[in-house]
Amino acid sequence: MAPPPALALTLGEPAGIGPDITLAAWLTRQQRSLPAFFAIGDAAVLRRRAAALGLDVPVRACAPEEAAAVFASALPVVSAGPAVTAAPGHPDETSAPSARAAIDDAVALVKAGRATAVVTNPISKAVLYADGFAFPGHTEYLAHLAGTPAPRPVMMIWSPELAVIPATIHVPLADVPRLLTRELIIETARITAHDLRHRFGIEAPRLAICGLNPHAGEEGTLGREDEEVTRPAVEALRQEGIDARGPLPADTLFHAAARATYDAAIGAYHDQVLAPAKALAFDRAVNVTLGLPFVRTSPDHGTAFALAGTGRADPSSLIEALRLAHRLSARDAARSGR
Ligand SMILES: NC(=O)C1=CN([C@@H]2O[C@H](COP(=O)(O)OP(=O)(O)OC[C@H]3O[C@@H](n4cnc5c(N)ncnc54)[C@H](O)[C@@H]3O)[C@@H](O)[C@H]2O)C=CC1
Ligand SMILES: NCC(=O)COP(=O)(O)O
């Protein structure tokens, strides 16, 4: 019988904390009953980082199909990309090709049924942009790799306390009023409602849609976008049978009583909703890409270069990302009879 596939975990930016938290997560595998995963990248990076941190982690190169069996006794690594020369905290010219190759291979493996889901360690956007990477981040690149035509991806930061979705993602704040269209809000909410229902098992998801302006525009006196863009989008969603409310003032949407009234909050822009999510649950929140034909999760934080190789990087968010990827992909598999 074929061994069960494992989760594919990209190493991300090799000079960041991805290697540290990957090693630390593997060490908790029994205590936290972690699902089997294999890292994708340069195994030598993990061996060097384990030595630098004084961690007793055997690192074993293997094929994806061997990972589940290897996982109990060693950290399985599927080789991808160039030999990395970057030192902790200091990305170099091997960083971007390494990070990108791991993402490419992880998606190819999950599409071929050789991995159950994609979990990504943080990349440095600046390092990738400098190397010619033409996508804002993983979210859009994964959609590009998913197939043709590329699905519209939606970023959700999920924790038991709060789930949030930025409608516009990695764009300059000055461009948000132009980019925040009715169509964008409607599409984002549709994909969110669909995935909350089918992947998270929430029968009738309740969506709170944030206004763009203070006090959601104060009836149009503090900006017109909330009346002219967000309100019509919410009305259209309600006519489709989606339980959406808004535009709601964002400043009063994240206290405990308000959070109890919805399953996910859709914000106009990145910091409007990621800031409360990270303030509430920085060590537990998980970045999930909705709208893809496969499951992708990630820790909610970035490369934290200053912590790489110091032993001070907290693996909690990655551990939650691994657990959530396992839960969501098991649900996908059950739904499709795999
Ligand atoms: N999914 C991804 O690939 C993400 C990548 N990034 C990238 O990361 C780079 C750095 O971004 P920043 O805004 O500085 O965010 P960051 O999350 O790397 O760091 C923000 C603060 O949180 C701390 N921190 C982060 N992760 C931690 C952990 N596991 N344990 C303990 N402390 C932790 C850092 O030391 C720093 O003080 C950027 O290039 C950004 O694009 C940022 C977020 C997500
Ligand atoms: N701020 C969230 C973030 O940067 C994650 O982006 P992505 O690489 O998952 O698209």
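This is a predicted model: local features need pLDDT of at least 70, side-chain atom pairs count only at pLDDT 80 or more; totals for chains, interfaces and linings use all residues.
Local features need pLDDT of at least 70 and side-chain atom pairs count only at pLDDT 80 or more, while totals for chains, interfaces and linings use all residues. Residues are numbered from 1 along each chain as its sequence is written, and chains are lettered from A and ligands numbered from 1 in the order in which they are written.

Q: Which residues of helix α2 are buried?
A: Helices are DSSP runs of H or I, at least four residues, numbered from the N terminus. A residue is buried if 20 or more other C-beta atoms lie within 10 Å of its own, with C-beta atoms placed from the backbone. In α2 (residues 43–53) that picks out Ala43, Val45, Leu46, Arg49 and Ala50.

Q: Is His138 buried or exposed?
A: His138 is in helix α6 (residues 138–146). It has 26 other C-beta atoms within 10 Å, so His138 is buried.

Q: Which residues does Thr139 contact, leaving aside neighbours within four places in sequence?
A: Thr139 also lies in helix α6. Two residues are in contact if their C-beta atoms, placed from the backbone, lie within 7 Å. For Thr139, the partners are Pro153, Met155, Ile169 and Thr289.

Notes:
A residue is buried if 20 or more other C-beta atoms lie within 10 Å of its own, exposed if 12 or fewer, and partly exposed in between; C-beta atoms are placed from the backbone. Helices (H or I, at least four residues) and strands (E, at least two) are DSSP runs, numbered from the N terminus.
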